[in-house]
Amino acid sequence: MIDNLQLATQYLYKDITGRYVTMEYVDTFLNSLNSNFKISEIGFSIQNRVIKSIQFGHGTTKILMWSQMHGNESTTTKGLLDYLNYLNNDVKEFENISKNFTFYIIPILNPDGAILYTRENADGVDLNRDAFNCTQPESKVLRTILEEFNPDFCFNLHDQRTIFGLLESKKPATMSFLTAAYDENRDFNEVRKIAANVIVGINEELQKFIPNQVGRFDDSFNVNCTGDYFTQKGYPTILFEAGHFDTDYQRDNVRKYVFISLKSAIYTILNLTSETDEIQNYLNIYQNNKCFFDFIFKNVKIIDNNVEKITKFAVQYKEVLSGNKIEFKPEIIQIENLEQIFSHHTIDFHNKLYEYDGRNFPVIGDIVQV
């Protein structure tokens, strides 16, 4: 029997790789879909780029998904397209899913941000903090679709930075999830409970492939955040966050876990009953923490004010758009005070003398070789 990781690998859409994903690439994929998938233009961005949707299925349970609300968060977009590639090529699976579900999918909500490789839209607004006021054209598109489609579930698809990890396992949070709060007390009403049930199903499947690398995202309430606002309005909303795995900075392995997450979420929903109550199991998922850096350099000799000593510092990649690719520039981000902080990679400097720009001590922002 083929497992979900094998399926994710088999149906990975190879024409889209790396971190830079724009509608130009997505359009090529959309053109490959068969006639069972309806492609529509549903609005325009600040810079007048088209926002498109994918619709299919005729089942009673309706799922709304959107990705790249933050333009530089493309991993979930890749995993989503891989899942659609699977449905496009597996007739039996497509028919099974379509008879039970109706899907409304926005592959890139923020096409300007995708082009610019920015979190915000072209007006500098974080669309994930514009849910309540709904000031931006992209936010208005999403709000309109929400109200017209009236989904039973919302999948809010994002990336998270490499800084997120799990204190209990000392591993990166490769995938994280959240059933968003609807009030300051972060109470669990029926809406949150349903979303929590789905997350537990996703987690159970992911543990087969990335044990102890699944996190539970912080649920502090902010009505300006899309998930919180939608949950408050009665729509079970699940935040998907694709994180770091091993050396996969291009996140072409992580996308496979997005595929698995989507597939298992849909099958979990299919099998939910009114008696299902997985809140405690949801709360048992490890809490996300900002506890990782990309690199920690240790045993570094420095000379500061004519005093020689050994130190350590943390380095984080800065992502810079260059042409149609993302360059990763390793910058010093913190010097010492690294207790209870983990790193994806540790570099032992073996007491060699630090040298940069004519000095022998590190400064925040220095670019180092890794």
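Reply: Gly57 touches Ser98, Phe101 and Thr102, neighbours within four places in sequence being set aside; contact means heavy atoms within 4.5 Å. This is a predicted model, in which local features need pLDDT of at least 70 and side-chain atom pairs pLDDT 80 or more, while totals for chains, interfaces and linings use all residues. Residues are numbered from 1 along each chain as its sequence is written, and side-chain values use heavy atoms, without hydrogens and water.

Gly57 belongs to strand β2, residues 50–57 (strands are DSSP E runs of at least two residues, helices H or I runs of at least four, numbered from the N terminus). Because its relative accessible area is 28%, Gly57 counts as partly exposed, between buried (under 20%) and exposed (over 50%), with a 1.4 Å probe and protein chains only. Between the C-alpha atoms of Gly57 and Lys38 there are 9.8 Å, although 19 residues separate the two along the chain.

The lining of the largest pocket draws at least two residues from each of several elements, including β5 (153–159), α8 (226–232), β10 (237–242) and β13 (307–322).
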